[in-house]
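Dear colleague,

Please find the structure handed over below.

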Number of protein chains: 2
Amino acid sequence: MSDAAEPATAFAGARVVITGGLGFIGSTLALRLAELGADLLLIDNLCPDYGGNLFNVAPIRDRVSIEIADIRDVRGMRALLGGCRYLFNLAAQTSHMDSMTDPETDLAINCRAQLTLLEACRDICPEARVVYASTRQIYGRPHYLPVDEKHPLHPVDVNGVNKMAGEAYHILFHDVYGVRATALRLTNTYGPRMRIKDARQTFVGVWLRAVLEGRRFEVWNGTQLRDLTYVDDAVEAFLLAALAPAAEGAVFNIGGDCLRLAALADAVVAANGGGGFETRDFPAERKRIDIGDYYADDTGFRELTGWRPRVAAAEGLRRSLDYFRTHLAEYL
Amino acid sequence: MSDAAEPATAFAGARVVITGGLGFIGSTLALRLAELGADLLLIDNLCPDYGGNLFNVAPIRDRVSIEIADIRDVRGMRALLGGCRYLFNLAAQTSHMDSMTDPETDLAINCRAQLTLLEACRDICPEARVVYASTRQIYGRPHYLPVDEKHPLHPVDVNGVNKMAGEAYHILFHDVYGVRATALRLTNTYGPRMRIKDARQTFVGVWLRAVLEGRRFEVWNGTQLRDLTYVDDAVEAFLLAALAPAAEGAVFNIGGDCLRLAALADAVVAANGGGGFETRDFPAERKRIDIGDYYADDTGFRELTGWRPRVAAAEGLRRSLDYFRTHLAEYL
């Protein structure tokens, strides 16, 4: 472990900006940072196709600043970064399918806005620690398992290309300008506050919604391996990354609990205490951008920060279903 | 060698579009394709900071179509791709320094316009063979030498990130939509028609200009290894790539003659029959984005197509100096 500061004290009173702060992971991070006494500014465009939802931050709404702003708005963003000590950069277009039907929007958000945001950081908060939410999608179909950070990058959709560029800008701005950026390559993150309206964040959301509504869900193929990260574990990774000096300029995989999709589907039904699913072939239009088996080697991040995932899938799914059972109407 | 068609006959009468067709490599490719009887459309924005120069195509000006258009103009580009059988996609912002001072322009050309151009290809000339001019810059500082195509990508400037994305779009559009694209990762290409006004294309241009004007030039460090590709060899690589079915969807390094920069400087002076240079330390602002030694392993392309570089540096420099001695005023 590094000599990093402890999350319990490091964020108290510190100005923390979260882009995508009303989204799934961003809002969960905000809830945790509010507990830790951070001075929070949440930026979100609340685009209906993305994950932002004001209800996500209902418990802390009177204790945080919220700006409904778009990271594509260069001037707006510059005005919001004053005094920022930690920037958690999670705003993104996350849908793989949308990136193929509307590649320009994906590029504007995941590529161009990242570049202008980093330019703004460099000018306005050059000392800020920046943690960028990257994705395992940039690896494409794994050549070997588990996938470590040296695995070649071969994105299989426009979203993957643009996220690859977005990550590379962060590392470049570290190397050239000293921007204190770290990138975390996330895998399937799930939990309370995720988008369950459709599959734009992950297929898990659709499954959760189906069992809660008493409908059967579809499992495509079912044999693929995926690792799932419970959102609290992902949030802890963001906090630890921000506090580890040795993480500056580096890229880390974040993994989780590894299951075959059929086993995960069984776990969803078990956690719900009922429900069912059908297994079918991959739809043609998704097959072209599917990546087969994936699970991450996240040894690098574990060794540097002491992080490890603490919530197994069975428990994480139970917590997720408890949350959505109570608040379902807010997410449909 | 593959069962590819021969350049000598394959292009006769075929509609060939070259973006960046008035630039250094684009115009040299056009001259060669005009010899081979192609029906040529050259697209160039003639931006004064880039390599486009109408004089480059003076010998074939009455035999080719020229459109002064910008690849960022989506509708304009769509109108120009009708009937295209071969698209050589060379239009780019190539200056590493400019990409740092004006990253947005680099992104608009090297990233966004590539994406919209590929969308246009997919719609308008889905059967066209596409060859994209990529760059060794995307590897960053080599981890090992020679650098093969499996080397990790770690671009050290904004231009490198955007070219990496531009290349990835081409391969993605092949994998997902069947666009018949190949990417060639070029190293330092030099020869007649290159930009010598400044170092925006390569340092070699500045050296050639200096000796022609009787001035001493500067060599930074001098010990670095670089491989240099004479432009006729690069042009041959583009033609062979376009004709090799097995090259579709693939990425290849293109190398050349490998020298230390001090030896190259000596060769420039020798080829000119006079001149001199000074060796100095790397300027601070360039050092941050310098990559150290580089030379390519281009075995993959050689084995697939039978290509090999035919013009050694001494001969290539002599031909270049002969050209610019006669036409210097057109390039200043």
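Predicted model: local features only at pLDDT ≥ 70, side-chain atom pairs only at ≥ 80, totals over all residues.

Residues are numbered from 1 along each chain as its sequence is written, and chains are lettered from A and ligands numbered from 1 in the order in which they are written.

**The two chains**

Chain A is superposed on chain B by a rotation of 180 degrees with 0.0 Å of shift along the axis, at an RMSD of 0.0 Å. The two copies are thus related as by a two-fold rotation axis. The superposition is by least squares on the C-alpha atoms of residues with pLDDT of at least 70 in both copies. Both copies use the same surface, since 100% of the contact residues of chain A recur in chain B. Residues are said to be in contact if their C-beta atoms, placed from the backbone, lie within 7 Å.

Chain A gives 23 residues to the contact and chain B gives 23 residues. On the side of chain A that touches chain B, the elements giving two or more residues are α5 (103–124) and α6 (158–177) of chain A. The largest share, 10 residues, comes from α6(A). By class, that side of chain A has 17 nonpolar residues, one polar and five charged. Here Ala, Val, Leu, Ile, Met, Phe, Trp, Tyr, Cys and Pro count as nonpolar, Asp, Glu, Lys and Arg as charged, and the others, Gly among them, as polar. Helices (H or I, at least four residues) and strands (E, at least two) are DSSP runs, numbered from the N terminus.

**The helix pair α5 and α6**

The axes of α5(A) and α6(A) come within 9 Å and cross at roughly 10 degrees. That makes α5(A) roughly parallel to α6(A). Angles under 35 degrees count as roughly parallel, over 145 as roughly antiparallel, 65 to 115 as roughly perpendicular and the rest as oblique. Axes are lines fitted to C-alpha atoms, for helices over the stretch in contact, and angles run from 0 to 180 degrees between N-to-C directions. Residues making this contact include L107(A), L115(A) and L118(A) of α5(A), and A165(A), Y169(A) and F173(A) of α6(A). The contact of α5(A) with α6(A) has 10 nonpolar, six polar and three charged residues.

In chain B, α5 (residues 103–124) and α6 (residues 158–177) pack at an angle of about 10 degrees, with their axes 9 Å apart. The helices α5(B) and α6(B) are therefore roughly parallel to each other.

**The sheets**

Chain A has an open sheet of seven strands in the order β3-β2-β1-β4-β5-β6-β10, with parallel pairing. Two strands pair if DSSP finds at least two bridges between them. The edge strands of this sheet, each pairing on one side only, are β3 (65–68) and β10 (251–253) of chain A. On average, its neighbouring strands are turned by 15 degrees against each other, direction ignored. Within chain A, β1 (residues 15–19) and β4 (residues 86–89) run parallel and are joined by four bridges; T19(A) has N89(A) as its bridge partner in β4(A). Helix α8 (residues 231–243) of chain A lies across β4, β5 (129–135) and β6 (180–186) of chain A, and runs at about 155 degrees to β6(A).

Another open sheet of chain A is formed by three strands in the order β7-β9-β11, and its pairing is mixed. Its edge strands are β7 (188–190) and β11 (257–260) of chain A. Neighbouring strands here are turned by 40 degrees against each other on average, direction ignored. Three bridges join β7(A) to β9 (residues 225–230) of chain A, and the two run parallel. Y190(A) stands opposite Y230(A) in β9(A).

In chain B, β1 (residues 15–19) runs parallel to β2(B), to which five bridges join it.

**Residue L42(A)**

L42(A) lies in strand β2 (residues 39–44) of chain A. Is L42(A) buried or exposed? L42(A) is buried, because 29 other C-beta atoms lie within 10 Å. A residue is buried if 20 or more other C-beta atoms lie within 10 Å of its own, exposed if 12 or fewer, and partly exposed in between, with C-beta atoms placed from the backbone. The C-alpha atoms of L42(A) and L22(A) are 6.8 Å apart, although the two residues are 20 residues apart along the chain. Leaving out residues up to four places away in sequence, L42(A) touches residues including I18(A), L22(A), V57(A) and I66(A).

Yours sincerely

How values were computed:
Contact = placed C-beta atoms within 7 Å.
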